[in-house]
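Colleague: I would like to learn how to read a structure like this one, feature by feature. Could we start with the strands and then go on to the helices?

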Amino acid sequence: MDKFAIKSINVHTYPNGRKPLCEITGRPATVALVTPHTTLYYATLKHAELSQKLIIPKISRDWALLRSPVTVLGPQSAAKEHDTLKTSLAKKLAQFCLDDAAKISDDDDDDDDREGQYIAVLHALSFLRQCPEGRCADEQFVLPHDDTTVVPYLLLAEAYLGLSSSTTTPPPPPPGTNLLSQVEKCLSAASHSIFNAGTPPPRSSSSTTASMTTVLQSRLHRNYGKLRLKQMRPREALADLAKDAYCSSVAYGPESVRAAGAYFLMGRAFGQLDDETTEMAFAFYDKVVEIWIVALNGTGVKKSCGGGVVRGSFVSTEQLREALDMFLTILRDRKGLRNEVNSVGTGRTYYCLGLCHKQLGNLDEALSHFLESLAILRENVGERHDLTRQVMHDYNSLKHQQSIDKKAEKQGI
């Protein structure tokens with residue numbers, strides 16, 4: 001352990017946009033944990049000390065391999081193979097952290113064990129976010145240390161749900177249980193903790209605590225909804241997702257992208273019910289697309305881990321990647337449930353895909369989706385429709401920007 005050291009850092013010595021952020025929370029770092037293999041950054045001394053004590057000595061070598069930049073020479077297949085290997089390593093590290101977190105027994109009330117579980121799960125989630133198909137939550141939400149009795153259960157359930165969607169070999173649950181029953185057990189414990197934490201502590205304002213409780217309730221009901229969808233129990237999923245929609249609307253607003261996540265899952269639940277509820281499913285899908293068009297045309301992107309902030313403040317890169325998954329699912333359902341290929345709704349969805357790729361910097365994909373959207377909208381509503389003009393304007397602007405970037409690249413600027 002003598003090779004590991006925690007040092008304070010002065011963030012003001014770093015240039016703007018390169019200030020280190022916490023590995024597990026995305027907040028500005030205040031301390032550095034120096035290991036024999038790499039240097040890790042944390043927001044608080046307590047996070048660094050717990051990480052050093054419980055998890056980092058076991059994974060620092062593999063973590064250094066994961067974060068080390070590598071230039072891959074050769075065909076595109078070689079680069080894809082390298083990305084696949086890094087994704088596989090990230091999943092293995094996440095599984096290791098989840099195994100450590102799952103060792104804490106449900107009736108263990110020791111504060112150090114609870115905080116250790118909290119840290120292990122946060123590390124697992126940070127690794128999952130590096131897997132393109134392993135994202136398990138729309139946005140990381142970290143509470144103060146006083147709430148570590150609540151958060152680990154909720155985050156552990158989210159991590160199991162996320163990893164179960166990204167791999168055929170999810171982390172092994174305790175003997176005698178299956179994965180989804182373990183998720184339900186974690187959510188039940190989180191629910192008990194959340195709803196028993198209704199009395200605010202003396203040093204906190206009741207309004208702040210109420211708002212935080214509403215956010216947690218939204219997240220709890222959303223994960224219950226996801227669990228019910230996996231269990232093919234859409235009516236129960238709808239009951240929980242309706243509560244999620246209410247709580248997220250209270251906390252963030254009914255037209256926010258966070259509330260849109262609840263609407264999307266409600267659409268999926270209606271799609272699972274029967275043919276008579278298909279129209280309800282697509283009504284929710286249309287609402288999701290409408291909210292995201294407004295959001296993506298009105299703000300920029302907040303980078304949650306590194307690189308500072310790029311225009312705007314409330315749409316994170318994690319939310320954008322999750323939105324891509326939502327829009328692809330909507331397109332698949334339109335083709336599968338309705339046999340829709342050239343409807344206005346399909347054109348609007350392709351437009352959203354283009355806007356997401358544009359914000360993420362994937363300009364070729366964005367242009368391709370804009371063209372698909374334009375072809376469908378011209379056929380259905382004509383050239384003079386406001387949406388067609390908007391898509392054409394975005395396409396021309398992006399095409400112009402791409403040509404400028406290519407000229408600058410040739411000139412070595």
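Colleague: Which residue of E3 does Val 31 stand opposite?

Modeller: Keep in mind that this is a predicted model. The general idea is that strands of a sheet pair through backbone hydrogen bonds, either parallel or antiparallel. Here, Val 31 stands opposite Tyr 42 in E3. The two strands E2 and E3 are paired in the antiparallel sense, over four bridges, and they form a hairpin with four residues between them.

Colleague: In what order do the strands of the sheet come?

Modeller: The order is E1-E2-E3, in an open sheet of three strands with antiparallel pairing. The edge strands are E1 (5–8) and E3 (39–42), each of which pairs on one side only. From one strand to the next, the twist averages 25 degrees.

Colleague: How many bridges join E1 and E2, and which residue in E2 is the bridge partner of Ile 6?

Modeller: E1 and E2 (residues 31–34) pair over four bridges, in the antiparallel sense. The partner of Ile 6 in E2 is Leu 33, while Lys 7 stands opposite Ala 32.

Colleague: What does Tyr 41 contact, leaving aside its neighbours within four places in sequence?

Modeller: Tyr 41 belongs to strand E3. Its contacts beyond those neighbours include Val 31 and Ala 32, and also Ile 9, Tyr 14, Pro 20 and Leu 21. Ala 29 is another one of these contacts: the C-alpha atoms of Tyr 41 and Ala 29 are 5.8 Å apart, with the residues twelve apart in sequence.

Colleague: Which helix lies across E2 and E3?

Modeller: That is H2 (residues 56–67), which runs at about 105 degrees to E3.

Colleague: Now helix pairs. At what angle do H8 and H9 pack?

Modeller: A helix pair is read from the angle, the axis distance and the handedness. H8 (residues 234–252) and H9 (residues 257–273) pack at about 165 degrees, and their axes are 8 Å apart. Angles over 145 degrees count as roughly antiparallel, so H8 and H9 are roughly antiparallel to each other. Their crossing is left-handed.

Colleague: Which residues make that contact, and of what class are they?

Modeller: On H8 they include Leu 238, Leu 241, Ala 245 and Tyr 252, and on H9 they include Ala 262, Leu 265, Met 266 and Phe 270. By class, the contact of H8 with H9 has 15 nonpolar, three polar and three charged residues. Asp 244 is among the H8 residues in the contact.

Colleague: With which residue does the side chain of Asp 244 meet in a salt bridge?

Modeller: With Arg 222, at 2.7 Å, N to O. Asp 244 lies in H8 and Arg 222 in H7 (residues 206–230), so the pair ties together parts that are 22 residues apart in sequence. The structure holds eight salt bridges.

Colleague: At roughly what angle do H10 and H12 cross?

Modeller: The axes of H10 (residues 278–298) and H12 (residues 344–360) cross at roughly 35 degrees and come within 10 Å. This crossing is left-handed. Among the residues in contact are Val 289, Trp 292, Ile 293 and Leu 296 of H10, and Tyr 351, Cys 352, Leu 355 and Cys 356 of H12. By class, the contact of H10 with H12 has eight nonpolar, three polar and three charged residues.

Methods. Residues numbered from 1 in each chain as written. Predicted model: local features only at pLDDT ≥ 70, side-chain atom pairs only at ≥ 80, totals over all residues. Heavy atoms only, no water. Axes fitted to C-alpha atoms, helices over the stretch in contact; angles between N-to-C directions. Parallel < 35°, antiparallel > 145°, perpendicular 65-115°, else oblique. Left-handed = near helix turned anticlockwise from the far one by under 90°. Contact = heavy atoms within 4.5 Å. Nonpolar A, V, L, I, M, F, W, Y, C, P; charged D, E, K, R; others polar. Pairing = 2+ DSSP bridges. Salt bridge = Lys/Arg side-chain N within 4 Å of Asp/Glu carboxyl O.
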